[in-house]
Amino acid sequence: MENTAPLIDPFARAINYLRVSVTDRCDFRCVYCMSENMTFLPKKELLTLEELDRMCSTFIRMGVQKLRITGGEPLVRRDIMTFFQSMTRHLDSGALKELTLTTNGSQLSRFAEQLYAAGIRRINVSLDTLDETKFAEITRWGRLKQVLEGIDAAQKAGLRVKINAVALKDFNEDELFTLQEWCASRDMDLTFIEVMPMGDLGNEDRITQYWSLKDLRARLAERFNLIDLAERTGGPARYVKLEETGQKIGFITPLTHNFCESCNRVRLTCTGELYMCLGQEDMADLRAPLRDSRDDVLLEEAIRAAIERKPKGHDFDYSRQKVDGQVSRHMSHTGG
(Lines give C-alpha, C1' and ligand atoms only; values in the text may rest on other atoms or scores of the structure.)
Protein backbone atom coordinates (compact mmCIF):
# COMPACT_ATOMS: atom_id res chain seq x y z
CA MET A 1 0.00 0.00 0.00
CA GLU A 2 1.28 3.44 -0.92
CA ASN A 3 2.26 5.74 1.90
CA THR A 4 1.30 9.23 0.75
CA ALA A 5 2.38 11.13 3.88
CA PRO A 6 4.37 14.23 2.86
CA LEU A 7 8.16 14.18 3.03
CA ILE A 8 9.19 15.97 6.21
CA ASP A 9 12.81 15.96 7.38
CA PRO A 10 13.97 15.74 11.04
CA PHE A 11 13.95 19.55 11.29
CA ALA A 12 10.29 19.84 10.25
CA ARG A 13 11.16 21.09 6.75
CA ALA A 14 8.82 19.87 4.02
CA ILE A 15 10.84 18.55 1.09
CA ASN A 16 9.01 19.75 -2.00
CA TYR A 17 11.85 20.60 -4.39
CA LEU A 18 13.87 17.98 -6.26
CA ARG A 19 16.86 18.77 -8.45
CA VAL A 20 17.69 15.98 -10.86
CA SER A 21 20.91 15.61 -12.81
CA VAL A 22 20.12 13.72 -16.00
CA THR A 23 23.71 13.42 -17.21
CA ASP A 24 27.25 14.05 -16.01
CA ARG A 25 28.29 14.98 -19.55
CA CYS A 26 28.63 18.49 -20.88
CA ASP A 27 29.71 20.23 -24.05
CA PHE A 28 31.69 22.79 -22.01
CA ARG A 29 34.54 22.29 -19.52
CA CYS A 30 34.12 25.27 -17.21
CA VAL A 31 37.26 25.68 -15.14
CA TYR A 32 35.47 25.87 -11.77
CA CYS A 33 33.28 22.86 -12.51
CA MET A 34 35.22 20.22 -14.45
CA SER A 35 38.74 19.26 -15.31
CA GLU A 36 39.54 19.34 -19.02
CA ASN A 37 39.86 15.58 -19.36
CA MET A 38 36.85 14.34 -17.45
CA THR A 39 36.16 10.64 -17.15
CA PHE A 40 32.45 10.16 -17.58
CA LEU A 41 30.29 7.43 -16.12
CA PRO A 42 29.62 4.25 -18.08
CA LYS A 43 26.15 4.45 -19.65
CA LYS A 44 24.83 1.43 -17.73
CA GLU A 45 25.32 3.29 -14.45
CA LEU A 46 23.04 6.10 -15.57
CA LEU A 47 19.34 5.94 -14.92
CA THR A 48 17.50 5.39 -18.19
CA LEU A 49 14.93 7.99 -19.23
CA GLU A 50 12.19 5.55 -18.17
CA GLU A 51 13.84 5.12 -14.77
CA LEU A 52 14.15 8.89 -14.40
CA ASP A 53 10.42 9.16 -15.10
CA ARG A 54 9.61 6.52 -12.46
CA MET A 55 11.92 8.14 -9.95
CA CYS A 56 10.56 11.67 -10.46
CA SER A 57 6.97 10.47 -10.54
CA THR A 58 7.51 8.74 -7.18
CA PHE A 59 8.91 11.94 -5.65
CA ILE A 60 5.99 13.93 -7.08
CA ARG A 61 3.53 11.44 -5.59
CA MET A 62 5.34 11.99 -2.26
CA GLY A 63 4.89 15.76 -2.35
CA VAL A 64 7.60 17.22 -4.59
CA GLN A 65 6.07 20.21 -6.39
CA LYS A 66 9.10 21.71 -8.09
CA LEU A 67 11.43 19.77 -10.35
CA ARG A 68 14.63 21.31 -11.69
CA ILE A 69 16.54 19.37 -14.32
CA THR A 70 20.32 19.84 -14.37
CA GLY A 71 23.44 18.07 -15.60
CA GLY A 72 26.28 18.28 -16.68
CA GLU A 73 24.37 19.91 -19.48
CA PRO A 74 20.88 18.36 -19.49
CA LEU A 75 20.19 19.13 -23.14
CA VAL A 76 23.14 17.04 -24.39
CA ARG A 77 21.51 13.86 -23.09
CA ARG A 78 20.17 11.87 -26.02
CA ASP A 79 16.36 11.99 -26.35
CA ILE A 80 16.01 14.14 -23.22
CA MET A 81 12.96 15.88 -24.67
CA THR A 82 10.97 12.65 -24.28
CA PHE A 83 11.61 12.91 -20.53
CA PHE A 84 10.46 16.56 -20.39
CA GLN A 85 7.38 15.62 -22.40
CA SER A 86 6.61 12.74 -20.03
CA MET A 87 6.74 15.13 -17.04
CA THR A 88 4.09 17.37 -18.68
CA ARG A 89 1.39 15.02 -17.37
CA HIS A 90 2.28 15.97 -13.79
CA LEU A 91 1.98 19.66 -14.63
CA ASP A 92 -1.37 18.97 -16.30
CA SER A 93 -2.65 17.09 -13.23
CA GLY A 94 -1.55 19.92 -10.93
CA ALA A 95 0.64 17.62 -8.83
CA LEU A 96 3.74 19.36 -10.13
CA LYS A 97 3.69 23.14 -9.85
CA GLU A 98 6.87 23.87 -11.79
CA LEU A 99 9.17 22.07 -14.20
CA THR A 100 12.35 23.93 -15.01
CA LEU A 101 15.97 23.46 -15.97
CA THR A 102 19.43 24.94 -15.61
CA THR A 103 21.42 24.99 -18.83
CA ASN A 104 24.57 26.47 -20.34
CA GLY A 105 22.41 27.70 -23.22
CA SER A 106 24.37 25.97 -25.97
CA GLN A 107 21.43 23.82 -27.13
CA LEU A 108 18.58 26.28 -26.60
CA SER A 109 18.28 27.23 -30.25
CA ARG A 110 17.35 23.61 -30.94
CA PHE A 111 15.08 22.98 -27.98
CA ALA A 112 13.52 26.23 -26.71
CA GLU A 113 10.16 25.78 -28.45
CA GLN A 114 9.86 22.15 -27.40
CA LEU A 115 10.69 23.06 -23.80
CA TYR A 116 7.93 25.67 -23.79
CA ALA A 117 5.51 23.17 -25.33
CA ALA A 118 6.35 20.69 -22.55
CA GLY A 119 5.17 23.24 -19.96
CA ILE A 120 8.43 24.86 -18.93
CA ARG A 121 8.05 28.59 -18.33
CA ARG A 122 11.29 29.66 -16.63
CA ILE A 123 14.86 28.55 -17.20
CA ASN A 124 18.21 29.41 -15.69
CA VAL A 125 21.14 29.99 -18.03
CA SER A 126 24.66 29.86 -16.59
CA LEU A 127 26.74 32.67 -18.09
CA ASP A 128 29.72 34.28 -16.38
CA THR A 129 30.97 36.74 -18.97
CA LEU A 130 29.88 38.62 -22.10
CA ASP A 131 33.44 38.81 -23.40
CA GLU A 132 34.00 36.28 -26.19
CA THR A 133 37.66 35.64 -25.39
CA LYS A 134 37.08 35.27 -21.66
CA PHE A 135 34.08 33.03 -22.35
CA ALA A 136 36.22 30.69 -24.47
CA GLU A 137 38.85 30.70 -21.73
CA ILE A 138 36.53 29.87 -18.83
CA THR A 139 34.37 27.30 -20.65
CA ARG A 140 37.40 25.90 -22.52
CA TRP A 141 35.14 24.55 -25.30
CA GLY A 142 32.27 27.02 -25.41
CA ARG A 143 31.27 29.62 -28.00
CA LEU A 144 29.54 32.72 -26.66
CA LYS A 145 27.67 33.38 -29.91
CA GLN A 146 25.92 30.01 -29.66
CA VAL A 147 24.76 30.79 -26.11
CA LEU A 148 23.50 34.28 -26.99
CA GLU A 149 21.56 32.84 -29.92
CA GLY A 150 20.12 30.25 -27.54
CA ILE A 151 18.97 32.96 -25.14
CA ASP A 152 17.34 34.80 -28.06
CA ALA A 153 15.52 31.60 -29.04
CA ALA A 154 14.38 30.99 -25.46
CA GLN A 155 12.92 34.47 -25.07
CA LYS A 156 11.29 34.22 -28.48
CA ALA A 157 9.67 30.93 -27.45
CA GLY A 158 8.16 32.64 -24.38
CA LEU A 159 10.54 31.31 -21.74
CA ARG A 160 11.50 33.62 -18.90
CA VAL A 161 15.30 33.56 -18.63
CA LYS A 162 17.32 34.10 -15.47
CA ILE A 163 21.08 34.45 -15.80
CA ASN A 164 23.30 32.74 -13.21
CA ALA A 165 26.82 34.18 -13.03
CA VAL A 166 29.54 32.76 -10.83
CA ALA A 167 31.43 35.62 -9.18
CA LEU A 168 35.13 35.10 -9.93
CA LYS A 169 37.83 37.39 -8.65
CA ASP A 170 40.04 38.97 -11.34
CA PHE A 171 37.87 37.37 -14.00
CA ASN A 172 34.44 38.99 -14.19
CA GLU A 173 34.73 41.62 -11.45
CA ASP A 174 35.04 44.31 -14.11
CA GLU A 175 31.84 43.08 -15.78
CA LEU A 176 29.52 43.56 -12.82
CA PHE A 177 27.71 46.52 -14.38
CA THR A 178 28.03 45.20 -17.95
CA LEU A 179 26.15 42.05 -16.94
CA GLN A 180 23.64 44.01 -14.88
CA GLU A 181 22.90 46.45 -17.74
CA TRP A 182 22.67 43.68 -20.33
CA CYS A 183 20.17 41.74 -18.19
CA ALA A 184 18.13 44.91 -17.57
CA SER A 185 18.00 45.64 -21.30
CA ARG A 186 16.57 42.17 -21.97
CA ASP A 187 14.26 41.98 -18.92
CA MET A 188 16.18 39.07 -17.39
CA ASP A 189 16.78 38.54 -13.70
CA LEU A 190 20.39 38.00 -12.66
CA THR A 191 21.78 35.90 -9.82
CA PHE A 192 25.37 35.90 -8.65
CA ILE A 193 26.81 32.74 -7.10
CA GLU A 194 29.86 32.44 -4.89
CA VAL A 195 32.30 29.85 -6.19
CA MET A 196 31.92 26.51 -4.39
CA PRO A 197 34.76 24.35 -2.99
CA MET A 198 33.99 21.20 -4.95
CA GLY A 199 36.09 18.57 -6.72
CA ASP A 200 39.77 18.56 -7.63
CA LEU A 201 40.13 20.47 -10.87
CA GLY A 202 43.85 19.95 -11.22
CA ASN A 203 44.51 23.54 -12.19
CA GLU A 204 42.50 25.93 -10.08
CA ASP A 205 42.89 27.21 -6.56
CA ARG A 206 39.46 28.09 -5.19
CA ILE A 207 40.75 30.59 -2.67
CA THR A 208 42.24 32.82 -5.38
CA GLN A 209 38.97 32.60 -7.34
CA TYR A 210 36.81 33.55 -4.39
CA TRP A 211 35.03 36.89 -4.75
CA SER A 212 32.76 37.58 -1.79
CA LEU A 213 29.25 38.63 -2.71
CA LYS A 214 29.33 41.06 0.20
CA ASP A 215 31.91 42.99 -1.79
CA LEU A 216 29.92 42.63 -5.02
CA ARG A 217 26.77 43.82 -3.30
CA ALA A 218 28.60 46.83 -1.83
CA ARG A 219 29.72 47.81 -5.34
CA LEU A 220 26.16 47.58 -6.63
CA ALA A 221 25.04 49.75 -3.71
CA GLU A 222 27.45 52.50 -4.79
CA ARG A 223 25.42 52.93 -7.98
CA PHE A 224 21.91 51.81 -7.04
CA ASN A 225 19.50 51.86 -4.15
CA LEU A 226 19.10 48.20 -3.15
CA ILE A 227 15.75 47.13 -1.74
CA ASP A 228 15.79 43.78 0.06
CA LEU A 229 13.02 41.46 -1.13
CA ALA A 230 11.41 38.87 1.10
CA GLU A 231 10.55 36.59 -1.81
CA ARG A 232 12.13 33.22 -2.46
CA THR A 233 11.75 31.14 -5.62
CA GLY A 234 12.21 27.80 -3.91
CA GLY A 235 15.99 27.94 -3.96
CA PRO A 236 18.73 29.42 -1.80
CA ALA A 237 18.92 32.87 -3.43
CA ARG A 238 18.27 36.09 -1.54
CA TYR A 239 16.99 38.88 -3.76
CA VAL A 240 17.24 42.65 -3.95
CA LYS A 241 15.52 45.05 -6.30
CA LEU A 242 17.50 47.84 -7.93
CA GLU A 243 15.18 50.77 -7.37
CA GLU A 244 16.44 52.69 -10.40
CA THR A 245 15.95 49.87 -12.96
CA GLY A 246 13.32 47.72 -11.22
CA GLN A 247 15.37 44.61 -11.92
CA LYS A 248 15.84 41.73 -9.52
CA ILE A 249 19.32 40.62 -8.51
CA GLY A 250 19.87 37.41 -6.54
CA PHE A 251 22.78 36.35 -4.35
CA ILE A 252 23.62 32.74 -3.57
CA THR A 253 26.18 32.71 -0.79
CA PRO A 254 26.92 29.20 0.43
CA LEU A 255 29.99 30.45 2.24
CA THR A 256 29.17 33.81 3.78
CA HIS A 257 25.49 33.23 4.46
CA ASN A 258 24.13 29.98 5.72
CA PHE A 259 20.73 29.46 4.07
CA CYS A 260 20.19 25.96 5.41
CA GLU A 261 17.42 26.70 7.91
CA SER A 262 14.84 26.91 5.12
CA CYS A 263 16.28 24.19 2.88
CA ASN A 264 13.42 22.38 1.15
CA ARG A 265 15.36 20.45 -1.48
CA VAL A 266 17.28 17.31 -2.22
CA ARG A 267 19.40 16.36 -5.24
CA LEU A 268 19.36 13.24 -7.32
CA THR A 269 22.38 12.38 -9.44
CA CYS A 270 22.19 10.79 -12.86
CA THR A 271 23.13 7.44 -11.27
CA GLY A 272 20.30 7.55 -8.73
CA GLU A 273 22.23 8.76 -5.69
CA LEU A 274 20.20 11.09 -3.50
CA TYR A 275 22.19 13.83 -1.78
CA MET A 276 20.26 15.29 1.10
CA CYS A 277 22.69 18.24 1.25
CA LEU A 278 24.92 19.65 -1.49
CA GLY A 279 27.66 20.33 1.05
CA GLN A 280 27.76 16.90 2.69
CA GLU A 281 29.02 13.53 1.48
CA ASP A 282 26.07 11.57 2.88
CA MET A 283 23.87 10.08 0.18
CA ALA A 284 21.37 7.30 -0.39
CA ASP A 285 21.46 4.86 -3.30
CA LEU A 286 17.99 4.91 -4.88
CA ARG A 287 19.01 3.08 -8.04
CA ALA A 288 19.13 -0.32 -6.32
CA PRO A 289 15.57 -0.20 -4.89
CA LEU A 290 14.34 1.22 -8.20
CA ARG A 291 15.90 -1.61 -10.21
CA ASP A 292 15.18 -4.36 -7.66
CA SER A 293 11.43 -4.02 -7.71
CA ARG A 294 8.72 -3.47 -10.25
CA ASP A 295 6.50 -1.58 -7.84
CA ASP A 296 7.67 1.52 -6.02
CA VAL A 297 7.25 0.41 -2.40
CA LEU A 298 10.97 -0.26 -1.82
CA LEU A 299 11.83 3.00 -3.55
CA GLU A 300 9.40 4.97 -1.39
CA GLU A 301 10.83 3.37 1.76
CA ALA A 302 14.37 4.24 0.65
CA ILE A 303 13.36 7.85 -0.06
CA ARG A 304 11.72 8.23 3.36
CA ALA A 305 14.75 6.72 5.10
CA ALA A 306 17.02 9.15 3.23
CA ILE A 307 14.95 12.22 4.09
CA GLU A 308 15.17 11.20 7.76
CA ARG A 309 18.95 11.61 7.45
CA LYS A 310 18.81 15.11 5.97
CA PRO A 311 21.23 17.24 8.02
CA LYS A 312 20.46 20.61 9.47
CA GLY A 313 23.10 22.33 7.34
CA HIS A 314 26.46 22.22 5.60
CA ASP A 315 29.86 23.50 6.61
CA PHE A 316 31.64 25.14 3.71
CA ASP A 317 34.09 27.72 4.98
CA TYR A 318 36.81 29.78 3.29
CA SER A 319 37.43 32.16 6.14
CA ARG A 320 40.46 30.30 7.41
CA GLN A 321 42.07 30.35 3.94
CA LYS A 322 41.96 26.63 3.54
CA VAL A 323 39.11 24.81 1.95
CA ASP A 324 37.30 23.27 4.89
CA GLY A 325 34.17 21.27 4.30
CA GLN A 326 35.34 20.59 0.75
CA VAL A 327 33.45 17.80 -0.95
CA SER A 328 35.32 15.51 -3.26
CA ARG A 329 32.81 15.11 -6.09
CA HIS A 330 32.60 17.49 -9.01
CA MET A 331 29.72 19.91 -9.41
CA SER A 332 28.91 18.25 -12.73
CA HIS A 333 28.24 14.99 -10.90
CA THR A 334 25.65 16.34 -8.47
CA GLY A 335 24.16 18.80 -10.88
CA GLY A 336 24.86 22.33 -9.76
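Is E36 buried, partly exposed or exposed? E36 is partly exposed, with a relative accessible area of 42%, where buried means under 20% relative accessible area, exposed over 50%, and partly exposed in between (1.4 Å probe, protein chains only).

The model is predicted: local features need pLDDT of at least 70, side-chain atom pairs count only at pLDDT 80 or more, and totals for chains, interfaces and linings use all residues. Residues are numbered from 1 along each chain as its sequence is written, and side-chain values use heavy atoms, with hydrogens and water left out.

**Salt bridges**

Side chains of opposite charge can pair when their charged atoms come close. The structure holds 21 salt bridges, each defined as a side-chain nitrogen of Lys or Arg within 4 Å of a carboxyl oxygen of Asp or Glu. Three of these pairs are tabulated below.

| Pair | N to O distance |
|---|---|
| E36 and R140 | 3.9 Å |
| R219 and D215 | 3.1 Å |
| R309 and D282 | 3.1 Å |

E36 and R140 meet in a salt bridge. This pair links distant parts of the chain, 104 residues apart: E36 is in the loop between β1 (17-21) and α1 (49-61), and R140 is in the loop between α4 (132-139) and α5 (144-157). Helices (H or I, at least four residues) and strands (E, at least two) are DSSP runs, numbered from the N terminus.

R219 and D215 both belong to helix α8 (residues 213-223); because they are 4 residues apart, about one helical turn separates them. R219 is partly exposed at 25% relative accessibility, and D215 is partly exposed at 32%.

R309 and D282 form a salt bridge that links distant parts of the chain, 27 residues apart: R309 lies in the loop between α10 (297-307) and α11 (331-334), D282 in the loop between β11 (273-275) and β12 (283-285). R309 is partly exposed at 39%, as is D282 at 34%.

A network of salt bridges links R54, R61, D296 and E300.

**Aromatic rings**

The whole structure contains 3 aromatic pairs, counted when ring centres of Phe, Tyr or Trp (its six-membered ring) lie within 6.5 Å; planes under 30 degrees apart are stacked, over 60 edge-to-face and the rest tilted. One of them, F28 with F135, is edge-to-face, at 5.8 Å centre to centre and 85 degrees between the planes. F28 is in the loop between β1 and α1 and F135 is in helix α4, 107 residues apart. F28 is buried at 4% relative accessible area, and F135 is buried at 2%.
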